Amino acid sequence: MAVRLHPVWLLAAACWLAVAPVAAEEDDYEPAREWREGEVQFPSYPAPENLLSLYVSAATANKFFIDGATLSVGADGVIRYVLVVETPQGGRNVTFEGMRCEARARRIYASGRADGSWSKARKDEWVRIQDAYANRQHAALFLEYFCPFGNAVRNAAEARDALVRGGHPDVRR
């Protein structure tokens, strides 16, 4: 007994066989390019009128600020900024840092001195951002301000807007 296939099914099978090799050849796969960091220049020392506060956690009494004038998003995808941390006892820590959203990593380029100058960081490699309970300023910047859902803000204005709003508008609170 011979099995008869309907002509429509035969035509569909023939079309599929004709298109399948073309679809495989048109695969646009490109291997990932190696990432390279752009040149970094130290910014001006932070001025009090440029400081934008950010909420980090109820677990710390420290106050955290980003200098809005130093915010930048480089062609290399790095968000660069000056972070200022003030303690209740009057201590102040100023660092010039970078953040890579796609790698969930951060780097300290320099520390600020009391005279308003910068001291290049001795240990300036990229490190993974951890969401620690008390010292979570980098996690807060990553999750709630600069890298919503792991995607970098497009420009400095978007980053400043997220700080002014108390979080990126794409992140639900």
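**Close-up views of a predicted model**

**View 1. Helix 2 within the predicted model.** Nine of the ten residues of helix 2 are buried, so this helix is largely enclosed by the rest of the structure. The model is a predicted one.

**View 2. The largest nonpolar core and the surroundings of Phe146.** In soluble globular proteins, nonpolar side chains tend to be buried together. The largest nonpolar core of this model has 23 residues, and those with the most contacts inside it are Leu54, Leu71, Tyr81 and Phe146. At least two residues of this core come from each of strand 2 (63-67), strand 4, helix 2 and helix 3, and helix 2 gives the most, with five residues. When neighbours within four places in sequence are left aside, Phe146 is in contact with Leu71, Ile79, Tyr81, Met99, Cys101, Leu141, Asn151, Ala152, Val153, Ala159 and Leu163.

**View 3. The disulfide between Cys101 and Cys147.** The structure holds one disulfide, which is formed by Cys101 and Cys147 with their sulfur atoms 1.8 Å apart. The torsion about the S-S bond of this pair is about -65 degrees, and the disulfide is therefore left-handed. The pair links distant parts of the chain, 46 residues apart: Cys101 lies in the loop between strand 5 (92-100) and strand 6 (105-112), whereas Cys147 lies in the loop between helix 2 (137-146) and helix 3 (156-165). Cys101 counts as buried because its relative accessibility is 4%, and Cys147 is likewise buried, with a relative accessible area of 1%.

**View 4. Glu158 and its polar contact with His168.** Glu158 is found in helix 3 and is buried, with a relative accessible area of 14%. The side chain of Glu158 makes a polar contact with the side chain of His168, at 2.6 Å. Apart from neighbours within four places in sequence, the residues in contact with Glu158 are Val153 and His168.

**View 5. The chain as a whole and the confidence of its parts.** The secondary structure of the protein chain comes to three helices and eight strands, which run α-β-β-β-β-β-β-β-β-α-α from the N terminus on. Of the 173 residues in the chain, 35% are buried, and among contacts with a separation of 6 or more, residues 24 or more positions apart account for 44%. The chain exposes about 11500 Å², of which carbon and sulfur atoms supply 53%. The mean pLDDT of the chain is 85, and 80% of its residues reach 70 or more. Among the elements, strand 4 (residues 78-86) has the highest mean pLDDT, 98, whereas helix 1 (residues 7-25) has the lowest, 48. Over residues 15-26 the pLDDT stays under 50, and for this stretch the model has zero contacts beyond four places in sequence.

Notes
Residues are numbered from 1 along each chain as its sequence is written. Side-chain values use heavy atoms; hydrogens and water are left out. A disulfide is a pair of cysteine sulfur atoms within 2.5 Å. Helices (H or I, at least four residues) and strands (E, at least two) are DSSP runs, numbered from the N terminus. Buried means under 20% relative accessible area, exposed over 50%, partly exposed in between (1.4 Å probe, protein chains only). pLDDT is the predictor's confidence in each residue, from 0 to 100. Contact means heavy atoms within 4.5 Å. A nonpolar core is a set of buried Ala, Val, Leu, Ile, Met, Phe, Trp, Tyr and Cys residues joined through side-chain atoms within 4.5 Å. A polar contact is a pair of N or O atoms within 3.5 Å; within protein, one must be able to donate a hydrogen and the other to accept it, and residues adjacent in sequence count only if both atoms are side-chain atoms. Accessible areas come from the Shrake-Rupley method with a 1.4 Å probe; for residues, only the protein chains shown count as cover.
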